[in-house]
Amino acid sequence: MKKFTFKGVLDGFRSSVNQQTPAGGGAAKICVEQEIQETLRSEHFQLKKTFRHGFPYSPTALAFDPVQRILAVGDKFGSMRLLGKFGVDAHVKHEGESACAVNLIEFLVNEGCLVTATADDTLHLWNFHTKIPKVVQSLKFQRERISRLHLPIGTKWLYIGTEKGNTHIAHVDSFTLSGYVINWNKAIDPIRKTHPGAVVHLSDNPLDANKLLIGFESGQLVLWDMRGKCAEFRWLSQEPLSSCSWHHEGKHFITSHTDGSLSKTNKEGKTESCNSIQKVEVKTNRIGDQFTIFSGGLPTEKCSPKSHCITVMVQGKSTTVLEMEHSVVDFVTMCESPYGSDLQEPYAVAVLLQNDLVLIDLLTPGYPTFESPYSMDLHESQITCCTYLADCPSDLVPAFYSVGRSAATNRRSGYSEREWPINGGEWQPTSCSYSEIILTGHQDGSIKFWDSSAGTLQVLYKLKTSKIFEKPRVRSLDSGEEDPLAISMMSLCAESRKLCVACNCGYVVLFKFRRAESTGDIVVLDIPFTMETFTEFEGSPECEFIPKSLPKTVDSTESDKKNCSLLKVKTGPQRKPPGFQAQLVCVPSWACGSVQITALTINSNYGLMAYGNEYGLTIVDIVKKTCVLNLCTQEIYGAQDPYSRTPRSPKRLENSQSKDDSLRSPSIDQVRPSHHHFCSISRLSINQI
């Protein structure tokens, strides 16, 4: 029987690739192909952003059109999202010097326009009647900083409050300032000589649009007569003012203060030491129930300085405190009537959080939240890798959706049964002749499958790889240490519906999609990277192969002690729910060293899966679940190794390595590889040879 080595097999691969094409028709065909002139060049192509998905980063402003039911969210980088019914999701961005934080947003109710105020003290009038929303006009403030906006319904006059305490008035059509200015020294009590601070509130009386309520930061409140150009009423609080809200009858209003107190008209209500109430709104329904909704105000020892709570008070009936997962940026009460003088009939509260958008149902007992149709939970857990698939089989998206929907229905609890209330706008799905799927791997080990065919991003299915591992007894992650479950690479074969996943700790898991539930064992392969010793070595004699980061061999008892605190695959028959079911787990010998996989691919036609890292390459037969090929990096490159490795004494290297390892993190070697490191395998593909 003829003997052969892996080195000989590799040489055979190389020689088969370098073989000359036989003379005849094949050579003539190649010559014809070489004569074809390529006319397309790089300047004929241009990158263009088509869609933007996910939650706005660092949101700063929120506004709602109660008639058209459109929600606008601005962030600190000048971007703005317009959200309506499912599919209505537009993204716009301020350009030039105004590409900064969006501090304020005000809708022109039922007119398809809105006004934004950016951090550079510029007002922008947006028109979103067109297919792509655009800025129609802009107005720059040179000497004053904008602190508050107010645009009454049915008028064209925009009230602009500034940090100097003055109130300006601009006409929306011409977008120019009028000569009417309410100076702070004329608005406050003439006896008072100190500056009242910035304007923090502007609103008109629900029954008399001629009366403008101006609230200053210091706690001074002024009811200004627009026609008489004088202050009709002044009220001074001992505590700084946060916000104000009118009762629909226009006879009194509610104010919130930084000490956590609420006050009605000129009667101050004192409470225990509490956090600041950032905002308060008062709404009334048709049966006469008065809803007082505010953020913050909890006792200081029970809440952080940034409020995580929304309180809903129904006068004479109940007080409900709703705790949010993230800090509250802003909120707006959604009502049937847009007019402040009418019974507003509140039905929901839109709460803008630091990392989420939550809608609270006010018509259902217990105030449950609505299930969002938007892809706001894209970063529910930090995304660590992403894969895009186009022209997928037509039955793949429905298969993922059916499995994911049934799983979501089983665990769906606590959500409101009512439909998503933000349903404005019109949307025409983009015509796409092929299916598009996006896979996102997350830090907690989960994988989400998204359908992006119609221009929207809809979650189809969620896979949790953590379910195939036992929960570790002791698992303490430092702030700088990554989660071993974090997904580092993914490869999906859409035809066979097989998925291979690489975790941050170096594990490679093979999944197979099945619509029905099953029970079975998970095969575990322990695959170390070992280097064969050849009698004939063709490498360069002056190049010494010294794997600096190669883990040391340990005995079985020491290995068991290290592996007990890391990921361990569940043994015995396991119940596998419908969807992707784990079939095989490849475990490297140095799993405790957290060696990341740098290349991963699968080919179901040949029944092979290949992965590699800085130490070498492994090819696995996914049908028989055995290792076919296992090579070190130096065996792959041989004498053609492009990375020079200077000769060193192994003894000196071992001593220096022990000192280096005690002084620095092992991850530094992967960030800044030295000359004698392995070259990482960054790309793999399995093709016919």
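This is a predicted model: local features need pLDDT of at least 70, side-chain atom pairs count only at pLDDT 80 or more; totals for chains, interfaces and linings use all residues.
The chain has 689 residues, 47% of which count as buried, and its secondary structure comes to 8 helices and 42 strands.

Now for the inside. The largest nonpolar core holds 37 residues, and F400, F449, L499, F511 and F580 have the most contacts within it. Helix α4 (residues 396-411) is the top contributor to this core, giving 5 residues. Leaving aside neighbours within four places in sequence, F400 touches I437, F449, L460, Y461, F513 and F580. Another core lies apart from that one, with 19 residues, including V73, A350, L359 and M376.

On to the charged pairs: the count comes to 14 salt bridges. Here are some of them.

| Salt bridge | N to O distance |
|---|---|
| E111 and K156 | 3.0 Å |
| D121 and R145 | 3.2 Å |
| R286 and E345 | 3.8 Å |

E111 sits in the loop between β5 and β6 and K156 in the loop between β9 and β10, so their pairing ties together parts 45 residues apart in sequence. Salt bridges with shared partners also join E111, K156 and D173 into one network.

D121 is buried, at 9% relative accessibility, while R145 is partly exposed at 40%. D121 is in the loop between β6 and β7 and R145 in the loop between β8 and β9, 24 residues apart.

R286 is exposed, with a relative accessible area of 55%. R286 and E345 are 59 residues apart, and their pair links distant parts of the chain.

Definitions and conventions:
Residues are numbered from 1 along each chain as its sequence is written. Side-chain values use heavy atoms; hydrogens and water are left out. Helices (H or I, at least four residues) and strands (E, at least two) are DSSP runs, numbered from the N terminus. Buried means under 20% relative accessible area, exposed over 50%, partly exposed in between (1.4 Å probe, protein chains only). A nonpolar core is a set of buried Ala, Val, Leu, Ile, Met, Phe, Trp, Tyr and Cys residues joined through side-chain atoms within 4.5 Å. Contact means heavy atoms within 4.5 Å. A salt bridge is a side-chain nitrogen of Lys or Arg within 4 Å of a carboxyl oxygen of Asp or Glu.
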